[in-house]
Amino acid sequence: MTTAVKMQLAAATLMFAVAPWVINAAPHEATMGLVYKIYFFHMPSAWMFMLGAIVAGVASARFLFTKNPKFDATAVAAAELAVLFGLLTLVSGPLWARKAWGLWWVWDARLTSSLMLFLIFLAYLLLRQFGGPGSEKLSAGLALFGLANVPFIYVSVNVWRTLHPKTSVVPTLPVEMGRPLWFCVTAFLLLFLALLSLRSSLERQRARIDALYLAEDEA
Amino acid sequence: MRAFFRVAAFVVRKDLTVEVRSFEVLSTTLFFAVTVVLIFAFGFVQEGVPVDGVAAAILWIALAFSGTLALGRTFERERQADTLRALMLAPADRPALYVGKLAGILMLMALVEAVLVPMVGLMFQAPIFVAPGWLAGLLAAGTLGFAAVGTLFAAMLVRARSRDVLLPVLLYPMTVPVMIAGVRGTAALFQAEPDLGLAQFWLALLVFFDAVFVTLALWTFEPLMTD
């Protein structure tokens, strides 16, 4: 574990420990009251989910065209994080929606495209797990195609009208709500970065051990 | 450019010759597609009357299912005889091989559609002749999108373990836009007052999807299929 990772982890832990007070200090929203505070957890998760998917897609494309296993390790780590934060997003979203809309789930563009992206990265992990030798390339192709697919899923579902609050809501938030939001986003981002470098170095070591075993078998 | 299409044409001819000798993939896929529609008919036809507005969905679901089966079988044949390796060793453009395989799958699926569409029209009282041009356009664009992604994934999976399970697992989430656009567009044509504007929107989305994913597939086929 490098010093940078240790510092990221320490900072993230500290921020997560303080987060309940910061969130508690934020004012109540007029129509939703207390429930809207799930948002401080939901939105950073959703952003990290997207970030994970983008990092995995870009790293996969670079792996395909450079064949450098370094990028593959990054892609695996990012894909696992995408699934982790995707799960957090998909669990915290309905909890809020049940109170705010009275429904657990609606087939709105953002919800559906998040679900499909989540499924694509879940398929990515299944492929890594059960695809056998050579599945790194396959899964790189999958991540690349999955990322290219997002705008299509979004547009195609969007025609069923959207219920989800628009992204443009973020800059218009009052300062008292914006501050805890950015606090949470920073905490999530630090956690994301620390996990990403830990997991990808683990994956690089695993690949190296595999290569050593293989070399010994051949010798 | 001419060499590219010549190679693609050779691959198509090879696949057609193999298929014509046995009709293995076509006959099994066709039979499977028909049984899928029948199963839906048992589920959705109540007291002799089909549930409103299900015809489009059933048509596209049957296409996706039978398409997956055809993709799996076509490449399984290549794997068993180890002919995919031979193809890859040939001094030819890799993307041309992809285009050849894709064209073969498209022909197969077009034949299946030629049976499926009238069958859905008959069993679910869908007005398939109201806007035949638009329906054909939606089917062609949707099939191309589905097969473009499917051919690439099936080719990649040839060397993977548990490939028969993984193909649908990878393919269905990826082709969700095709399913939504195909089903919505066809439903717009099948309703009492066909909505051509809506069908046009979905057709445009499908064409755009095809353009992006065929390009991506041609671009990634070479690195994906190289050991």
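Helices (H or I, at least four residues) and strands (E, at least two) are taken here as DSSP runs, numbered from the N terminus. By that definition, chain A contains six helices and zero strands, and its elements follow one another from the N terminus as α-α-α-α-α-α. The model is a predicted one, in which local features need pLDDT of at least 70 and side-chain atom pairs count only at pLDDT 80 or more, while totals for chains, interfaces and linings use all residues. Residues are numbered from 1 along each chain as its sequence is written, chains are lettered from A in the order in which they are written, and side-chain values use heavy atoms, with hydrogens and water left out.

Chain A has 219 residues, of which 45% count as buried; buried means under 20% relative accessible area, exposed over 50%, and partly exposed in between (1.4 Å probe, protein chains only). Contact, meaning heavy atoms within 4.5 Å, gives a view of how the chain folds back on itself. Among contacts in chain A between residues at least 6 apart in sequence, 77% join residues at least 24 apart.

Helix 3 of chain A covers residues 69-100. Its 32 residues reach 45 Å from the first C-alpha to the last, close to the 46 Å expected at 1.5 Å a residue; the expected span is 1.5 Å times one less than the number of residues. Just after this helix, G102(A) adopts a positive phi of about 80 degrees.

The structure holds 16 salt bridges over all chains. In one of them, R199(A) meets E80(A) with an N to O distance of 2.6 Å. This pair links distant parts of the chain, since R199(A) belongs to helix 6 (residues 175-218) and E80(A) to helix 3, 119 residues apart. With a relative accessibility of 29%, E80(A) is partly exposed. A second salt bridge joins R128(A) and E203(A), whose closest N and O atoms are 3.9 Å apart. R128(A) lies in helix 4 and E203(A) in helix 6 of chain A, so the pair ties together parts that are 75 residues apart in sequence. Both R128(A) and E203(A) are buried.

In chain B, R85(B) forms a salt bridge with D82(B), the closest N and O atoms being 3.5 Å apart. R85(B) is exposed at 52% relative accessibility, whereas D82(B) is partly exposed at 41%. Returning to chain A, salt bridges that share partners join D72(A), E80(A), R128(A), R199(A), E203(A), R206(A) and D210(A) into one network.

D82(B) follows helix 3 of chain B and has a positive phi, near 60 degrees. The 26 residues of that helix should span 38 Å at 1.5 Å a residue, and its end C-alpha atoms are 37 Å apart, which agrees. Within this helix (residues 55-80) lies E78(B), which is buried at 4% relative accessibility. The side chains of E78(B) and K14(B) are joined by a polar contact of 2.8 Å. A polar contact is a pair of N or O atoms within 3.5 Å; within protein, one must be able to donate a hydrogen and the other to accept it, and residues adjacent in sequence count only if both atoms are side-chain atoms. Leaving aside neighbours within four places in sequence, E78(B) is in contact with K14(B), D15(B), T83(B), L84(B), L87(B) and K101(B).

The two chains meet through 28 residues from chain A and 34 residues from chain B. They bury about 2,700 Å² between them, 82% of it on carbon and sulfur atoms; buried area is the accessible area (1.4 Å probe) that two parts lose on being put together, summed over both. L138(A), F145(A) and F152(A) supply 27% of the area that chain A buries against chain B, more than any other three residues. Across this interface the rule finds zero salt bridges and three residue pairs in polar contact, both residues at pLDDT 80 or more. Helix 5 of chain A gives the most to the side of chain A that touches chain B, with 14 residues.

Key. Salt bridge = Lys/Arg side-chain N within 4 Å of Asp/Glu carboxyl O.
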